[in-house]
Amino acid sequence: MRSALSCGLLMCLVAITGHALDAPEGRVILTITGSIGVTNGEGAALFDRAMLEAMPQHTIRTHTPWHDGQVTFAGPLGRDVLDSVGAQGEMLRVMALNDYSASIPVDDFNQYDVILAMTLDGVPLRVRDQGPLFVIYPFDDQPELLNEKIMSRSVWQVAHIDVLAE
């Protein structure tokens, strides 16, 4: 009876949070911590490239202050990544490999089609090319986003996201 009850509770938890998160098989490129309900590591959700590529991919064709001309980025929607870990926060602290960090309201990911770009013009982003992950807003679709505040949130070389409950 106790085993059936435990199994039932586990199934309810999986139903509420979507699904369990598989363990990464390759090199971890993104760690999510903080106020999350789904983990696959010690208090963290760890993603390798294949796990992020397995999510629905979204494309943004836009101009940026960092590139010449219009370019095409592709990667999962930020809100899909947050949903996959059962994020329950109001603010994100997004940290880069070089320790740069920015605070991004979760509402940005819900209001705009912000992606965690993994490719630029079809080529995987490498660390020297602002990868492996780059927070990209749809600047051309919503020109009001092209301002200093939003540009400072466009973190490249993303390695860690901390979901902050307020």
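The report below starts with the model itself, then turns to the sheet and the rings.

## About the model

This is a predicted model, in which local features need pLDDT of at least 70 and side-chain atom pairs count only at pLDDT 80 or more, while totals for chains, interfaces and linings use all residues. Residues are numbered from 1 along each chain as its sequence is written, and side-chain values use heavy atoms, leaving out hydrogens and water.

Strand β5 (residues 91–96) runs antiparallel to β6, and five bridges join the two. Met95 has Ser101 in β6 as its bridge partner.

## The aromatic rings

Seven aromatic pairs turn up in the whole structure. Rings of Phe, Tyr and Trp (its six-membered ring) pair if their centres lie within 6.5 Å; planes under 30 degrees apart count as stacked, over 60 as edge-to-face and the rest as tilted. Trp66 and Phe134 make a tilted pair, 5.7 Å centre to centre with 55 degrees between the planes. Trp66 lies in the loop between β3 (57–63) and β4 (70–76) and Phe134 in strand β10 (residues 134–136), so this pair ties together parts 68 residues apart in sequence.

Trp66, Phe73, Tyr112, Phe134, Tyr137, Phe139 and Trp156 form one aromatic cluster.

Definitions and conventions: Pairing = 2+ DSSP bridges. Helix = DSSP H or I, 4+ residues; strand = E, 2+ residues; numbered from the N terminus.
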